[in-house]
Amino acid sequence: MTDTKQKTALYKRMLLIRRFEEKAAQMYGLRKIGGFCHLYIGQEAVATGAIGALDLKRDYIVAAYRDHGHALASGMDPKAVMAELYGKVTGCSKGKGGSMHMFDIEKHMFGGNGIVGSQIPVATGVGLKIRYREEDGVVLCFFGDGAIHQGAFHESLNLAKIYGLPVVYICENNQYGMGTDFRRVSAVDDFSVMAASYGIEGRQIDGMDVITVHENVKEIVEKARTEHLPSLLEIKTYRYKGHSMSDPAKYRTREELEDYKERDPILILKKGLLEDGVQASDLEAWDKEAKKLSEEAASFAEESPEPEIEALYSDILA
Amino acid sequence: MTKSQFLIEIESLLENAKTAILATVDRDGSPRMRWMTPAILKDRAGAIYAVTSLDFDKRRQLEANASVQWMFQNKGLDRIAYADGKANLIENASMRAEVLEEIGSKLGVFWKLNSDAGSLVVVETIIERGRSFLPMTGESRIVDFN
Ligand SMILES: Cc1ncc(C[n+]2csc(CCOP(=O)(O)OP(=O)(O)O)c2C)c(N)n1
């Protein structure tokens, strides 16, 4: 069971991600951030709940390109994440990576990968290193529904099963890959059934409820750690239902609009905390704190220096 | 003209001009217009998306009367499109992210007027009728979305 103290920690983490992402969106609009800026707003419960179940002294995270949330959930400094978005030398990847390349070796956050699906074999490799060195860590590998039909995903699951690798493959299904409804490109609606092809456990989880995510991942991480069992989780987050050409857009009723408002992982946990007896004034104070941290991250990024021109030639391996 | 031809025309006008005019009706029935930065989203055909702040007047106007008209025009001023419809104000986290990703980099003026990054809502206009107009030739084409 997740107690109020743990719920509070999860709530604060989600708030930090939300406020940070809002700030990032603003700074992107004001042209302080160049290149891509993929936002994690609305999916906070997945990274927060799942990464909150890890012990990052021995466990690892490998993420997709929508990675700001995972970086913050791993405990990376918001200043280093924002500075990375700004392309400043104080960024976690020295300003050379940007939105898709959050990385922190100490926090065991192994990126941020811009090529869709490329992180899946990387995570499998980290799992292999854990087994090879006889460590007791676990890897969480995050990817979107746009990556699950790639060969590398299927090869990785097969290898993980054969070698007994402690990798939890997490498909964050937000139901769209670049505007494509996943139902149009997928033979099955329920991705967790794919686990059966490789004789591993599969679960479909409600990704709007951080407690559900947290408790499921905790359980499955323990199995990975102690029994060396890989698994596949499909964590479904919500996207306001799109309409296709055959399904004409319509004017929404007030009830529908109210319903959309409620579909927010932060509001869902907020209700739970109020029911647990947490004071509304505390919730407000934590929100202020999250806003302050995001403001400070933006100021830090703003004031940080640009990389030296010579940096173009450093950290180049090939 | 088909619906998809009309949507492609709007996309093409927006690519050229970036902004468009949104007209709403005030509580007392008087018209109100402002420049906006809208977008068409992939796989959400038949609608126009933009963002506004919960603190802006637009919100109260749209709550009182959902009927709107958009006007799109290219920089050469020789292609115009009008979209009539009804607007939904959507307060939903994922929807905000989706729209912000699409138009986020063009929202400089919006952020200068609105410093609170948390107060943003999505304006979704469900198109009921589209009209494309070429002022140089007088050619006008209409498409019904209902
Ligand atoms: C190998 C490869 N193909 C195509 C792209 C272009 N691309 C960028 S994002 C994206 C969609 C990914 O969708 P999904 O994995 O569902 O992630 P989401 O955006 O929903 O978080 C694509 C196809 C890419 N980055 N890499």
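I take buried area to be the accessible area, with a 1.4 Å probe, that two parts lose on being put together, summed over both. I note that this is a predicted model, in which local features need pLDDT of at least 70 and side-chain atom pairs count only at pLDDT 80 or more, while totals for chains, interfaces and linings use all residues. Residues are numbered from 1 along each chain as its sequence is written, chains are lettered from A and ligands numbered from 1 in the order in which they are written, and side-chain values use heavy atoms, with hydrogens and water left out.

**Entry 1, the interface.** I looked up the pair of chains and found that chain A and chain B bury about 3,200 Å² between them, with 54% of it on carbon and sulfur atoms. In contact (heavy atoms within 4.5 Å) are 40 residues of chain A and 40 residues of chain B. I find four salt bridges between the chains, a salt bridge being a side-chain nitrogen of Lys or Arg within 4 Å of a carboxyl oxygen of Asp or Glu. One of these joins A:Lys261 to B:Glu91, whose closest N and O atoms are 3.6 Å apart. On the side of chain A that touches chain B, α1 (4-29) and α9 (254-262) of chain A each supply at least two residues, and α1(A) gives the most, with eight residues. Helices (H or I, at least four residues) and strands (E, at least two) are DSSP runs, numbered from the N terminus.

**Entry 2, the sheet of chain A.** I traced an open sheet of five strands in the order β1-β2-β3-β7-β6 of chain A, with parallel pairing, where two strands pair if DSSP finds at least two bridges between them. Its edge strands, each pairing on one side only, are β1 (60-62) and β6 (201-206) of chain A. Between β3 (residues 167-173) and β7 (residues 231-236) of chain A I find six bridges in the parallel sense, and A:Val168 stands opposite A:Ser231 in β7(A). Helix α6 (residues 151-163) of chain A packs on the sheet and touches β2, β3 and β7 of chain A.

Strand β5 (residues 80-90) of chain B pairs with β6(B) in the antiparallel sense over 11 bridges. With β7 (residues 139-144) of chain B, β6(B) pairs in the antiparallel sense over six bridges, and in their hairpin, which has four residues between the strands, B:Gly138 takes a positive phi near 80 degrees.

Conventions. Axes fitted to C-alpha atoms, helices over the stretch in contact; angles between N-to-C directions.
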